[in-house]
Amino acid sequence: LKTLARSAAEATEEAATAAFRTDVLTGLMAPRKALPPKYFYDEAGSRLFDLICRLPEYYPTRTELGILHARAGDIGAIAGAGATLIEFGSGSSEKVRLLLDAMAAPAAYVPIDISGAHMRAAVARLGRDYPGVAMLPVEADFTRPLAVPAMAGQGRRLGFFPGSTIGNFTPDAAAGFLANAGEVLGPGSAFVVGFDLAESAAKGAEVLHAAYNDRQGVTAAFNLNLLARINRELGANFDLARFRHDAFYDRAERRVEMHLESLADQRVRIAGESIRFARGETIHTENSCKYTPAAFARMARHAGWAQRVIWTDPREWFAVTVLER
Ligand code: AVJ
């Protein structure tokens, strides 16, 4: 009876662990080792990410909030009355409050996130503060094709993709994502996207370097937590002291790369496999792609969007754009 009574939640968790095991083994058995950045965000990783967002060196979060705060009225006007707000990768749904506050009688909020429990808790908090807004959470991987629920009201659909999350895609994949999001949002919609700006006359590479190499070592802990998570969930035996956080800005690729460098020639047991790491070999754990305003506008156009407006902060370190189709 016990086995028959296995809950749906347990089945979902087992499927997630199986996918994690497959992705980890595939990534670490490849000639150039890499792991998908979406696996950073277990409970410990999500907590570390929230700490990153408050670091003095990590300017994107507070800079974007400053832009959204200054431009909320404009975004509310673009949305119009009775709009539906659809957020891709909603996380803890904090930034969306700025938009909901500025919109006239928003009809519905549709958060889309892969972390169902985390999202539902965030939506419960939001629902108490916005009783007039229909909360329609969708538990899904937004990098895959997805359907959003039929919308309440006749208002415009306003997409929201903040935080430079788009930077985790390569430019080709980002263009593909923007095109797919256009299909999901539909004709007549608008899309608010936040992205981090590349090195420029106004922004030295040292600003980018510091943001991913903070003095307190929180970003290093966030990166190394991926190995700790593999130990916890897949019973692996990574020795975290034998790996080192490495993050650098690649000017030609216009991206920050994060790696974990093996400090020794070593073998690690993961899910029945023994995987060798040469001394100096790295696991590529994240790309954080940066754009010039012109490069982003070109990419959005190729993905079927017209750029209505782009805003930056006074230092010109981060940008928020509104696209329309
Ligand atoms: C959440 C992908 C936007 O790339 O800046 C922060 C993640 N990685 N510090 C980023 C991250 C290291 C972040 N994104």
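Predicted model: local features only at pLDDT ≥ 70, side-chain atom pairs only at ≥ 80, totals over all residues.
Let me begin with helix H2 (residues 43-52) and helix H8 (residues 218-234), whose axes come within 9 Å of each other and cross at roughly 170°; helices here are DSSP runs of H or I of at least four residues, and strands are E runs of at least two, numbered from the N terminus. The axes are lines fitted to C-alpha atoms, for helices over the stretch in contact, with angles running from 0 to 180 degrees between N-to-C directions. H2 is therefore roughly antiparallel to H8, a term used for angles over 145 degrees. On the H2 side the contact is made by Ala 44, Gly 45, Leu 48, Phe 49, Leu 51 and Ile 52, and on the H8 side by Val 218, Thr 219, Ala 221, Phe 222, Asn 225 and Arg 229, where contact requires C-beta atoms, placed from the backbone, within 7 Å.

Residues are numbered from 1 along each chain as its sequence is written.

Turning to helix H3 (residues 59-79), there is a kink of about 60° centred on Arg 71, the bend being the angle between axes fitted to the seven residues ending at a residue and the seven starting there. The buried residues of H3, among them Leu 68, Ile 75 and Ala 79, are those with 20 or more other C-beta atoms within 10 Å of their own, whereas 12 or fewer means exposed and anything in between partly exposed. They pack against helix H4 (96-102), strand E5 (157-161), strand E6 (190-196), helix H7 (205-211) and strand E13 (318-324). After H3 comes Gly 80, with a positive phi near 75°.

Which residues of the largest nonpolar core touch the most other members? In this core of 42 residues they are Leu 85, Leu 158, Phe 160, Phe 191, Val 192, Val 193 and Leu 323, a nonpolar core being a set of buried Ala, Val, Leu, Ile, Met, Phe, Trp, Tyr and Cys residues joined through C-beta atoms within 7 Å. Apart from it lies another core, of 21 residues, including Phe 40, Ile 52, Ile 230 and Phe 243.

Finally, Asp 246 sits in strand E7 (residues 243-250) and counts as partly exposed because it has 18 C-beta neighbours inside 10 Å. Not counting residues up to four places away in sequence, Asp 246 touches His 259, Glu 261 and Thr 282.

How values were computed
Contact = placed C-beta atoms within 7 Å. Parallel < 35°, antiparallel > 145°, perpendicular 65-115°, else oblique.
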